[in-house]
Structures are given as C-alpha cells and as structure tokens.
Amino acid sequence: MIEPFLPGTDHLISVLLLATVFDLLIGEPPTALHPVVWIGNLIGFFKRSAPATHRKLYGVVFALVVILFASSIGYAVLLVANLSILPGFVVLLVEAYFLKSTFAIRRLIEAGIEVNTELVKGDLPSARKKLSMYVSRDTSQLSEGQVSSSVIETCSENFVDGILSPLFYYAILGPYGLIGAYVFKAVSTLDSMVGYMDEKHRDLGYFSAKTDDVLNWIPARICVIYITLGSVLAGMISKEKKLDHGGAIRCATSDCRSCSSPNSGYPMASMAGVLGVRLEKPNTYVIGKDFSMPVAEDIKQASVVIAAASILAVISFAVLIYLISVIINYI
C-alpha cells in the first residue's frame, strides 16, 4: 500500500496561508471542479434513493459512505503529493486548492454584501430574492428588518460551519489535517442537505445532524472569542458604527440557548451583541430581545466583523499548528 506524504509544520502552514489567499483573491472553484459539489452530488444520489422503511439505519450507512468518500479525497491529495515527479510548489498549490475548497471566507462576505446592496437601493423584493438563495425560510413577506436579521443570522452561523470548523480540524490534526477538513465538510454538507426535523428528513438525517452538532461543538463556542476580537479589528477599520466589543460575550452568555440547535446560538448571539441588534426568526427564536431590529448598514458591519474574525482565525490556526508541532517534538 502506498503511504501518503505526511507534510511537515512549515508545509502545513504554507498550505493554510496559500489556501486563504486563493479564497480571498479567486473565490469558489468552478462547479465541475469543486470537491464539495462532488460530495453534495453523492448525498443527492443517496437522498433520492432512500427507502420508505428503515430510514434511520439507511441514513447512518449512507452518511458513513459519504464521509469515507470525502476523507478519500483528502487522502488521495496526500498520495499525489507523495509523487516524486511533482515539484514542491506544485504539491503546495494542489493541497492549497483542496483545502480552500473546504472553506469560503470571500463567498460568505459577498452573500451579505449582495443583500445589503439591494436594501441600500431600496429594492426590498430583490433583497428578498437574493436572501432566498442562502436561507431555507420563506423570504417573500419579510420586512427590511427581518431581511437584515436573516442575512446576519446566516452569515454568523456559517462563520462557524463554513470557515472556523474546517480550519480548526485542519490545524489540530497536523499531517492528517486535510483529511480532517474533508471529513468535517462531508458532515456539514450532509447536515445542510438532510439534517432537518421535518417528516421527510427526521430519520434520514438524524445521524448527520447529531454528528454535525458534535463536530461543531468546540468551534461554535470559541467563535465568541473570534467575533469579539474581530469586532475590535473591525472597529479600527470602519468608524461608521461603534461596535460593542464586550457585547459578544454578554449576549452569547444570555441568549446562546435561544435556538433549538446546541451550537447556532453562539455565533448569532455573539454578532447580535457586537452590533447591538435584535435577531429574530418568526415563531422560532429571538436573540437580543432588548435591541432594535437591524438595518442594511448592520449587514455591512457584520460582514466586516466576519472578515476580520476569519483572518484572525487563519493566523491563530497557523500559530496553533506550530505550537502543536513544538509540543509533539518536545514530548
């Protein structure tokens, strides 16, 4: 059996930094070349083929197959990196491309800006339409405040799912970090496609949803720190609205359990506290109930905070990779 190339500390950090540059400058890969799209297509196949009975067992089996497929992507990249015919810079580019495909800083920021732009123009119907691309709720009757709230909620929640968690697992798993990032991405994609509590998905997505809860448990809680520090950095960049740097911790402490999800409340409450806004999903939850509903400008501020928090996360995970290697070598 061919053993995969196990990269060293400098290589791991270089891949992380280059992947971030790829993301910020280029954005998402073409659909046909996007590994997460491949994972989603496989999930779609299993979802369409789901039986009428034994759906919970089927959900476990197909989730494990999808996770195995995703991990094999990371493993295959490490095998390719082991080919002696490839120059070092090519290996670096390949690994950075595949790591970049597991997170999306630029796309998340763009999503918020797209909705913000339509609201600033006064085109509420267009803002609702843009928002419907990113959330599962019905957006057709939402007010401006509800649209603003919804986009801030989804951007905050996806800061964990789409940025912090995959990079967290890349950092803590060392040489196997790329495989770890793909395992997480498989679970996250499974949750987004089948992890719902309605009749159609309850049994089918039970295992996926619970696994996603477990893997996001730590990142969801440390996100409070990143959003707090991100607000400090954002406050230096943008002077348009004063941000409450301590608000993230206060609101996360008081409102983190407002959602049924064990994790979603932390990023949303943190952002609500920093911005001083009320985030509300009608008939479901209210976060920051003592604040006013957000306006378009708050979406822009949230995007700046997320951008700053993301950059701080990349830097801190690069440092974490180095520290882990030092500890391991010392032991």
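His-54 is exposed, with a relative accessible area of 64%. The residue sits in the loop between H2 and H3, and its phi is near 55 degrees, a positive value in a residue other than glycine. These values come from a predicted model.

**Loop residues**

- Asn-283 also has a positive phi, near 65 degrees, and is a residue other than glycine.
- Asn-283 belongs to the loop between strand E1 (279-281) and strand E2 (285-287).
- The relative accessibility of Asn-283 is 86%, so this residue counts as exposed.
- Ala-104 is in the loop between H4 and H5.
- Apart from neighbours within four places in sequence, Ala-104 is in contact with Asp-23, Glu-28, Gly-162 and Ile-163.
- Ala-104 and Asp-255 are 151 residues apart along the chain, and their C-alpha atoms are separated by 27 Å.

**Helix H2**

- Helix H2 covers residues 35-48, which makes 14 residues.
- From its first C-alpha to its last, H2 reaches 20 Å, close to the 20 Å expected at 1.5 Å a residue.
- The buried residues of H2 are Pro-35, Val-36, Ile-39, Gly-40, Ile-43, Gly-44 and Phe-46.
- An α-helix has 3.6 residues a turn, so residues three or four places apart point the same way.
- Helix H3 (55-81), helix H4 (88-100) and helix H8 (177-194) are the elements against which the buried residues of H2 pack.

- The 16 residues of H5 should span 22 Å at 1.5 Å a residue, and the end C-alpha atoms are 23 Å apart, which agrees.
- Buried in H5 are Ile-105, Leu-108, Ala-111, Gly-112, Val-115, Asn-116, Glu-118 and Leu-119.
- These buried residues of H5 pack against H1, helix H6 (124-132), H7 and H12.
- Arg-107 is placed in helix H5 (residues 105-120).
- Is Arg-107 buried, partly exposed or exposed? With a relative accessible area of 28%, Arg-107 is partly exposed, because buried means under 20% and exposed means over 50%.
- Arg-107 touches Glu-28, Glu-114 and Tyr-134, not counting residues up to four places away in sequence.
- Between Arg-107 and Val-274 there are 167 residues of separation in sequence and 22 Å in space, C-alpha to C-alpha.
- Just after H5, Gly-122 takes a positive phi of about 85 degrees.

**The largest nonpolar core**

- The largest nonpolar core has 86 residues.
- Leu-16, Phe-62, Leu-99, Phe-159, Ile-287 and Phe-317 have the most contacts inside this core.
- H7 gives the most to the core, with 13 residues.
- Phe-317 touches Leu-16, Leu-164, Leu-167, Phe-168, Ala-171 and Tyr-226, leaving out residues up to four places away in sequence.

**The second largest pocket**

- Rolling a probe the size of a water molecule over the atoms shows where empty space is left.
- The second largest pocket has a volume of about 170 Å³.
- Its lining has 14 residues, and Thr-9, Gly-174, Pro-175, Ser-325 and Ile-328 lie nearest the centre of the pocket.
- Which helices each supply at least two residues of this lining? They are helix H1 (9-26), helix H7 (144-172) and helix H12 (296-330).
- H12 provides the largest share of the lining, five residues.
- By type, the lining residues divide into nine nonpolar, five polar and no charged.

- Gly-174, one of the residues nearest the centre of the second largest pocket, is found in the loop between H7 and H8.
- Gly-174 has 12% relative accessibility and therefore counts as buried.
- Gly-174 and Ile-324 are 150 residues apart along the chain, while their C-alpha atoms are separated by 7.9 Å.
- Asp-298 has its place in helix H12.
- Asp-298 counts as buried because its relative accessibility is 5%.
- Leaving aside neighbours within four places in sequence, the contacts of Asp-298 are Ile-152, Lys-241, Leu-275 and Val-277.

Methods: Residues numbered from 1 in each chain as written. Predicted model: local features only at pLDDT ≥ 70, side-chain atom pairs only at ≥ 80, totals over all residues. Heavy atoms only, no water. 1 Å grid on protein atoms, 1.4 Å probe; cavity = no way out; pocket = protein on both sides within 12 Å on 5 of 7 lines; lining within 4 Å. Points joined across faces, edges and corners; volume = space filled by probe spheres on them. Helix = DSSP H or I, 4+ residues; strand = E, 2+ residues; numbered from the N terminus. Nonpolar A, V, L, I, M, F, W, Y, C, P; charged D, E, K, R; others polar. Core = buried A, V, L, I, M, F, W, Y, C linked by side-chain atoms within 4.5 Å. Buried < 20%, exposed > 50% of the residue type's maximum accessible area, 1.4 Å probe, protein only. Contact = heavy atoms within 4.5 Å. Expected span 1.5 Å × (residues − 1).
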